[in-house]
Amino acid sequence: MSVRIAPSILSADFAALGTAVAAAEAGGADLIHVDVMDGHFVPNLTIGPPVVASLHRAATVPLDAHLMITDPDRYIDRFADAGAAAISVHVETTPHLHRTLEHIRSHAVRAGVALNPATAVSTLSEVAADLDFVLVMTVNPGFGGQKFIPGSDAKIARVRRLLDEAGNRAPIEVDGGVDCGNAARVVDAGAEILVAGAAIFGTPDAAAAVRALRAAATAPVRATVAEG
Ligand code: DX5
Ligand code: ZN
């Protein structure tokens, strides 16, 4: 299984996002993960469609817009028009999720659903066949640089089982606290797209960090201490 790396610009220098994107791409980034926050669904406020449009002009890889906003249906057209190639919405914010996914796909944009750490995998059961990807939050959304929530790898495996039972080979994207220490484990659990902010832009060399994360993700899972 090939692993894709999606650096999250939330941890980049917002005064130099073009430079950050170029560095990530130089390291082989497959996507650029763009965290959109409204200060309502999550306790932080970031960027919107105008910045996504600028990023779209600067990037050569697809933009992966993660909408941590209430009532995302109001903005899907604008993020699609700004150049997002993938849009994920939170199941916690979408009472009409099936219609929202159709709305995203009507723009030929990949439609994903994000799950907060406390949200059950079963919330996806009725749309499991209609998803282009699932974004599994392994931190509580709102900030970069947090620690991976222990036990999240088991949730990744449950999402994989749900998608497989629905006959959907859609990939699982993992988001939050991913680094070289846990990358192989989350891939082993079923993740195919790794979002990383601090592990990439919190380092002096983002390009090298992308390469290191991909190497760590594709290395054999190190036996845990318990396994000796
Ligand atoms: C958190 C965001 C994540 C975050 C990842 O709400 O959705 O994408 O930027 O950053 P790290 O990898 O530093 O946890
Ligand atoms: Zn994110």
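Analyst: Helices (H or I, at least four residues) and strands (E, at least two) are DSSP runs, numbered from the N terminus. This is a predicted model, in which local features need pLDDT of at least 70 and side-chain atom pairs count only at pLDDT 80 or more, while totals for chains, interfaces and linings use all residues. Residues are numbered from 1 along each chain as its sequence is written, chains are lettered from A and ligands numbered from 1 in the order in which they are written, and side-chain values use heavy atoms, with hydrogens and water left out.

User: Which element gives the largest share of the shell around ligand 1?
Analyst: Ligand 1 sits in the largest pocket (an open set of points on a 1 Å grid over the protein atoms alone, where a 1.4 Å probe fits and protein lies on both sides within 12 Å along at least five of seven lines; a molecule sits in it if more than half of its atoms lie within 2 Å of its grid points). Strand E2 (32-37), strand E3 (63-68) and strand E8 (191-196) are the elements that give two or more residues to the shell. The largest share, three residues, comes from E2.

User: Which residues come nearest to ligand 1?
Analyst: There are 21 residues around ligand 1, where a residue is near if one of its heavy atoms lies within 4 Å of the molecule. By class, the shell has nine nonpolar, ten polar and two charged residues (Ala, Val, Leu, Ile, Met, Phe, Trp, Tyr, Cys and Pro are nonpolar, Asp, Glu, Lys and Arg charged, the others, Gly among them, polar). Those that come nearest are Asp35, Gly142, Gly145, Asp175 and Gly197.

User: Is Thr94 buried or exposed?
Analyst: Thr94 belongs to the loop between strand E4 (84-90) and helix H4 (97-105). The side chain of Thr94 reaches the backbone oxygen of His90 at 3.1 Å, a polar contact (a pair of N or O atoms within 3.5 Å, one able to donate a hydrogen and the other to accept it). The relative accessible area of Thr94 is 6%, and the classes are under 20% for buried, over 50% for exposed, and partly exposed in between. Thr94 is therefore buried.

User: How far apart are the C-alpha atoms of Ser125 and Leu162?
Analyst: Ser125 is in the loop between E5 and E6 and is partly exposed, because its relative accessibility is 37%. Ser125 and Leu162 are 37 residues apart along the chain. Their C-alpha atoms are separated by 7.1 Å.

User: Which residue has the backbone oxygen that the side chain of Ser125 reaches at 2.8 Å?
Analyst: The residue in question lies in the loop between strand E5 (110-115) and strand E6 (133-137). The backbone oxygen reached at 2.8 Å is that of Ser122.

User: What is phi of Asp71?
Analyst: Asp71 is found in the loop between E3 and helix H3 (76-82). At 37% relative accessibility, Asp71 counts as partly exposed. Phi is positive in this residue, which is other than glycine, and is near 45 degrees.

User: What is phi of Ala108?
Analyst: The loop between H4 and E5 holds Ala108. Ala108 is exposed because its relative accessible area is 75%. Phi is again a positive value in a residue other than glycine, near 60 degrees.

User: How far is Val113 from Gly181, between C-alpha atoms?
Analyst: Val113 lies in strand E5 and counts as buried, because its relative accessibility is 0%. Along the chain, Val113 and Gly181 are 68 residues apart. The C-alpha separation is 26 Å.

User: How far apart in space are Ala219 and Arg158?
Analyst: Ala219 is in the segment after helix H8 (206-217). With a relative accessible area of 34%, Ala219 is partly exposed. Ala219 and Arg158 are 61 residues apart in sequence, and from C-alpha to C-alpha they are apart by 22 Å.

Methods. 1 Å grid on protein atoms, 1.4 Å probe; cavity = no way out; pocket = protein on both sides within 12 Å on 5 of 7 lines; lining within 4 Å. Buried < 20%, exposed > 50% of the residue type's maximum accessible area, 1.4 Å probe, protein only.
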